[in-house]
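Student: I have a structure open and would like to go through it. Can we take it a piece at a time?

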Amino acid sequence: MPIRWRLTLFIALAIGAILLILGAVLYFLIRNALLSDVETTTKQRAEIAAGSIRETGSLERDEIKELTLDGVFVIVRDENGGVLNETVELPTGGDRDLVWRRALDKDGPASGTAQFSEDPSHVYAVPVNPVKGRARVVEAGKTYESAQDGIESLGTILAAGIGAAFVLSIGGAYLLARAALRPVEAVTSTARAMGEEDLAKRLPVANPKDEIGR
């Protein structure tokens with residue numbers, strides 16, 4: 001394989017490896033940030049709802065409206081898991097992962113994934129002891145759908161960007177290798193034209209201070 005193509009391949013592979021590493025790091029950082037945002041939001045809303053229930057025993061309509069922004073849902077249950085208030089239609093049989101039961105059993109917050117719809121939801125449950133009423137635990141949850149959509153879009157954009165950058169790097173590496181080897185080609189061409197009777201001819205030296213010039 002000619003040196004030009006070997007240089008091109010080496011440079012392109014090096015750039016491609018760097019692009020893949022940077023793309024993977026960026027993908028996982030943004031992915032974790034999107035998923036963490038869902039979990040942080042549900043935790044904050046559950047704690048706000050629990051504080052309100054501890055004081056009044058229930059949630060007002062305006063409070064529910066504020067708590068359920070951004071696709072968040074809230075469920076208030078009694079000590080047996082019976083639903084006292086809900087902002088999402090529960091499937092038959094209730095959620096499959098009883099986050100609320102774990103919160104009551106340990107008398108502290110619990111979190112996990114529950115299946116309230118086709119898409120899994122992150123749920124954060126907080127036990128409460130209201131001054132009045134039967135409410136014993138409040139759950140706030142949000143589906144991962146928006147986060148997953150963002151992750152899929154990010155993956156598509158990164159894949160397309162890395163692919164395009166890799167193709168451009170191949171072209172750039174080829175041009176760079178050709179420019180680096182141009183003095184060698186000039187030397188080769190002149191040396192080929194020299195004969196035994198034309199020893200006065202000298203090789204071209206574009207830059208006498210670099211390796212090829214020396």
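Student: Is Phe 28 buried, partly exposed or exposed?
Tutor: Phe 28 counts as partly exposed, because its relative accessibility is 46%. Buried means under 20% relative accessible area, exposed means over 50%, and partly exposed is in between (1.4 Å probe, protein chains only). This is a predicted model, where local features need pLDDT of at least 70 and side-chain atom pairs count only at pLDDT 80 or more, while totals for chains, interfaces and linings use all residues. Residues are numbered from 1 along each chain as its sequence is written, and side-chain values use heavy atoms, with hydrogens and water left out.

Student: And what about Tyr 27, buried or exposed or partly exposed?
Tutor: Tyr 27 is partly exposed, since its relative accessible area is 23%.

Student: How many aromatic pairs are there?
Tutor: The count is 1 aromatic pair. Tyr 27 and Phe 28 form that pair, which is edge-to-face, with 5.4 Å centre to centre and 85° between the planes. Rings of Phe, Tyr and Trp (its six-membered ring) pair if their centres lie within 6.5 Å; planes under 30 degrees apart are stacked, over 60 edge-to-face, and the rest tilted.

Student: What does Leu 154 touch?
Tutor: Leaving out residues up to four places away in sequence, Leu 154 touches Tyr 27 and Ile 30. A contact means heavy atoms within 4.5 Å.

Student: Where is Leu 154?
Tutor: Leu 154 is in helix α4. Helices (H or I, at least four residues) and strands (E, at least two) are DSSP runs, numbered from the N terminus. Leu 154 counts as buried because its relative accessible area is 14%. From Leu 154 to Leu 26 is 9.5 Å, C-alpha to C-alpha, although 128 residues separate them in sequence.

Student: How do the axes of α1 and α4 cross?
Tutor: The axes of α1 (residues 3-56) and α4 (residues 145-193) come within 8 Å and cross at roughly 160°. Therefore α1 is roughly antiparallel to α4. Axes are lines fitted to C-alpha atoms, for helices over the stretch in contact, and angles run from 0 to 180 degrees between N-to-C directions. Under 35 degrees counts as roughly parallel, over 145 as roughly antiparallel, 65 to 115 as roughly perpendicular, and the rest as oblique.

Student: Which residue classes does the contact of α1 with α4 have?
Tutor: That contact has 27 nonpolar, 7 polar and 4 charged residues. Ala, Val, Leu, Ile, Met, Phe, Trp, Tyr, Cys and Pro count as nonpolar, Asp, Glu, Lys and Arg as charged, and the others, Gly among them, as polar.

Student: How far is Asp 37 from Ala 147?
Tutor: Asp 37 and Ala 147 are 8.6 Å apart, C-alpha to C-alpha, and 110 residues apart in sequence. Asp 37 is in helix α1 and is partly exposed, with a relative accessible area of 44%. Ser 36 also lies in helix α1, and at 34% relative accessibility Ser 36 is partly exposed.

Student: New topic. What is the phi of Asp 107?
Tutor: Phi of Asp 107 is near 55°, a positive value in a residue other than glycine. Most residues other than glycine have a negative phi. Asp 107 lies in the loop between α3 (99-106) and β3 (110-114) and counts as exposed at 54% relative accessibility.

Student: Last one: how many helices and strands are in the chain?
Tutor: The chain has 4 helices and 5 strands, in the order α-α-β-β-α-β-β-β-α from the N terminus. Of its 214 residues, 30% are buried.
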